[in-house]
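Subject: Structure handover, with notes on its pockets

Hi,

Here is the structure I promised to pass on to you. Have a look at it first, and then read my notes on the pockets below.

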Amino acid sequence: MGSEAAGDNPRPAWLIAGFLAAPLAPAFVLAARSPGLGVEPGDMASLLPIAALLYLPSLFSVALIGGLALTVLHRLKRVRWWSGLLAGFVGAALLSYLFTGFRGLEAQWFMADLTGALVWAACGAAAGLIVWLGWRLSGIEKS
């Protein structure tokens with residue numbers, strides 16, 4: 001029997017749960033903002049199947065951007081709530097501009113695309129906080 005307390009052992013299941021829960025925010029927002037996909041405004045029954053369909057691309061994005069950011073921040077020993085929020089915000093904003101072909105950076109399109117980029121950046125910030133929470137609950141930073 002070791003001298004370690006039961007709470008000192010890393011619990012990676014929390015980190016995995018964080019990575020699995022984080023894509024829910026962008027998936028639901030994308031489904032809600034996409035009436036062309038068959039979502040009726042205010043109808044949760046039409047929102048759920050579309051959000052489920054959009055979960056996998058969101059999971060891929062969160063795993064790629066969040067995994068890279070978490071790895072870099074862990075090596076720098078800077079995994080904090082605000083670094084998760086900032087990494088998610090910046091990563092999602094860049095991903096938003098990538099999908100619009102960076103046309104939002106041109107003067108005439110900037111204001112039109114700014115609202116959409118900010119919505120995605122907010123979703124990314126929420127996803128970053130969820131991943132950070134999973135990281136924090138996992139106890140990996142203590143090992």
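The largest pocket has a volume of about 700 Å³. Its lining is made up of 35 residues, and those closest to the pocket centre are Pro26, Ser61, Ile65, Ala92 and Leu95. Please keep in mind that this is a predicted model.

Four helices each supply at least two residues of that lining: α2 (24-32), α3 (44-75), α4 (81-99) and α5 (107-138). Sorted by class, the lining of the largest pocket holds 21 nonpolar, 12 polar and 2 charged residues.

Now for the second largest pocket, where the space comes to about 200 Å³. The residues lining it are Leu73, His74, Lys77, Arg78, Val79, Arg80, Trp81, Trp132, Trp135, Arg136 and Glu141. Both α3 and α5 give two or more residues to this lining, and α5 gives the most, with 3 residues. In terms of class, the second largest pocket is lined by 5 nonpolar, 1 polar and 5 charged residues.

One of these lining residues, Lys77, may be worth a look on your screen. Lys77 sits in the loop between α3 and α4, and its phi is near 55°, a positive value in a residue other than glycine. Is Lys77 buried or exposed? Its relative accessibility is 63%, and because exposed means over 50%, Lys77 counts as exposed.

Best wishes

How values were computed
Residues are numbered from 1 along each chain as its sequence is written. This is a predicted model: local features need pLDDT of at least 70, side-chain atom pairs count only at pLDDT 80 or more; totals for chains, interfaces and linings use all residues. Side-chain values use heavy atoms; hydrogens and water are left out. On a 1 Å grid over the protein atoms alone, a cavity is a set of points where a 1.4 Å probe fits but cannot get out, and a pocket is an open set with protein on both sides within 12 Å along at least five of seven lines; lining residues have an atom within 4 Å of a point. Grid points are joined across faces, edges and corners, and a volume is the space filled by probe spheres set on the points. Ala, Val, Leu, Ile, Met, Phe, Trp, Tyr, Cys and Pro count as nonpolar, Asp, Glu, Lys and Arg as charged, and the others, Gly among them, as polar. Buried means under 20% relative accessible area, exposed over 50%, partly exposed in between (1.4 Å probe, protein chains only).
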